[in-house]
Amino acid sequence: MKLTIAITGASGVIYGKRLLEVLRNKKIETHLVISQAAEKIIAHELGATKESLEKLANHVYEVDDWSSPIVSGSFKTDGMVIAPCSMKTLAGIANGFAENVILRAADVALKEKRKLVLVPRETPLNIIHLRNMLELAKQGVIIVPAMPAYYHKPKSIEALIDFVVGRILDVLGIEHNLYQRWQDIHKIC
Ligand SMILES: Cc1cc2nc3c(=O)[nH]c(=O)nc-3n(C[C@H](O)[C@H](O)[C@H](O)COP(=O)(O)O)c2cc1C
């Protein structure tokens, strides 16, 4: 399996980092792009560098490098995940505004009818955010909001993060045991 991964400038860059760690452990090939805004949030929220996250990926591209293979539909992948996905990037995808490598790669995923998974993080949501998400959902985009559940009784922030990353893997059809499923909890209740 081969996936394009983007990390954009929303709060919750830890979701992108954890996703990369899990995909690496599963030996899934990753092609990574990190936006300029995300780079700043990685420094602020994780006290880390963009490069330290890039080490978790198999291939890395700059957000303005138009020679990146992921800008072309002829470069085959099994899909793309943007985690977290800012409202700006979401708006760009919803409106076909492919002005950087992340937006273009998402545009390619849409035109090639490949799986596109967005992990938006914003609250509260305005009508423009909601309209853009509805438009994307109509196009087959899978919206996995960064909204952890609590029915599995998480005991740490890591458990909350793994719940969201687990839901991303679920929609991609990748097996994992990052969180306890409701059927299993239900049995012991
Ligand atoms: C500390 C910080 C946190 C932010 N959090 C969010 C957020 O949670 N969601 C969001 O949509 N934008 C957020 N933004 C705004 C985006 O970073 C901004 O719109 C940026 O242009 C997004 O660019 P990108 O999508 O190319 O990464 C945040 C900005 C900063 C500085």
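I count rings of Phe, Tyr and Trp (its six-membered ring) as a pair if their centres lie within 6.5 Å, with planes under 30 degrees apart taken as stacked, over 60 as edge-to-face and the rest as tilted. The model is predicted, so I note that local features need pLDDT of at least 70 and side-chain atom pairs pLDDT 80 or more, while totals for chains, interfaces and linings use all residues. Residues are numbered from 1 along each chain as its sequence is written, and side-chain values use heavy atoms, without hydrogens and water.

Aromatic pairs. I find three aromatic pairs by this rule. Tyr151 sits in the loop between β6 (142-143) and α7 (157-172), and Phe163 in helix α7, 12 residues apart; helices (H or I, at least four residues) and strands (E, at least two) are DSSP runs, numbered from the N terminus. Tyr151 and Trp182 are also edge-to-face, because their centres lie 5.9 Å apart and their planes at 75 degrees. Trp182 belongs to helix α8 (residues 182-188), so this pair ties together parts 31 residues apart in sequence. I record that ring pairs link Tyr151, Phe163, Tyr179 and Trp182 into a cluster.

Accessibility. I looked up burial next (buried under 20% relative accessible area, exposed over 50%, partly exposed in between; 1.4 Å probe, protein chains only). Phe163 is buried at 5%, whereas Tyr151 is partly exposed at 36% and Trp182 is partly exposed at 42%. Buried residues make up 48% of the 189 residues.

Fold. I list eight helices and six strands.
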